[in-house]
Amino acid sequence: MKKYRCIVCDWVYDEYLGAPKEGIESGTKWEDVSEDWVCPDCGASKAEFEMVEI
């Protein structure tokens, strides 16, 4: 499982946790998140996220 960080506001999407408040179930891979999804904190597009190195 990977994590992706919004480069605008630093909100983190964790594939393991998903984003239940945004309707994304836990275990949802980043590539399976809709392309029109936006950051719940700042509204940045999915393109504004980068994978977090662990």
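**View 1. Four salt bridges are counted in this predicted model**. A salt bridge here is a side-chain nitrogen of Lys or Arg within 4 Å of a carboxyl oxygen of Asp or Glu. As this is a predicted model, local features need pLDDT of at least 70 and side-chain atom pairs count only at pLDDT 80 or more, while totals for chains, interfaces and linings use all residues. Residues are numbered from 1 along each chain as its sequence is written, and side-chain values use heavy atoms, with hydrogens and water left out.

**View 2. R5 meets E50 in a salt bridge, with the closest N and O atoms 2.4 Å apart**. R5 lies in strand β1 and E50 in strand β3, so the pair ties together parts that are 45 residues apart in sequence. Strands (E, at least two residues) are DSSP runs, numbered from the N terminus, as are helices (H or I, at least four). R5 is partly exposed at 25% relative accessibility, and E50 is partly exposed at 37%. For these labels, buried means under 20% relative accessible area, exposed over 50%, and partly exposed in between (1.4 Å probe, protein chains only). Look around R5 and you will also find contacts with W11, V12 and F49, among others; a contact means heavy atoms within 4.5 Å.

**View 3. The side chain of R5 also makes a polar contact with the side chain of D10, at 2.5 Å**. A polar contact is a pair of N or O atoms within 3.5 Å; within protein, one must be able to donate a hydrogen and the other to accept it, and residues adjacent in sequence count only if both atoms are side-chain atoms. D10 is in the loop between β1 and β2 (12-14) and is partly exposed, with a relative accessible area of 47%. Its backbone deserves a glance too: phi of D10 is near 75 degrees, a positive value in a residue other than glycine. Most residues other than glycine have a negative phi.

**View 4. D14 and K3 meet in a salt bridge of 3.7 Å, N to O**. This pair links distant parts of the chain, with D14 in strand β2 and K3 in strand β1, 11 residues apart. D14 is buried, with a relative accessible area of 14%, whereas K3 is partly exposed at 34%. The side chain of D14 also reaches the backbone nitrogen of Y16 at 2.8 Å.

**View 5. K46 forms a salt bridge with E35 at 3.2 Å, N to O**. Both residues lie in the loop between β2 and β3, so the pair ties together parts that are 11 residues apart in sequence. K46 is buried at 8% relative accessible area, while E35 is exposed at 63%. The charged end of K46 also sits over the ring of W30, 5.1 Å from its centre; this requires NZ of Lys or CZ of Arg within 6 Å of the ring centre and within 35 degrees of the ring normal.

**View 6. Ring pairs link Y4, W11, Y13, W30, W37 and F49 into a cluster**. Rings of Phe, Tyr and Trp (its six-membered ring) pair if their centres lie within 6.5 Å; planes under 30 degrees apart count as stacked, over 60 as edge-to-face and the rest as tilted. The whole structure holds eight aromatic pairs. One of them, W37 with F49, is tilted, at 5.5 Å centre to centre and 55 degrees between the planes. W37 is buried at 10% relative accessibility, and F49 is buried at 9%.

Terms used:
Lists of a residue's contacts leave out its neighbours within four places in sequence.
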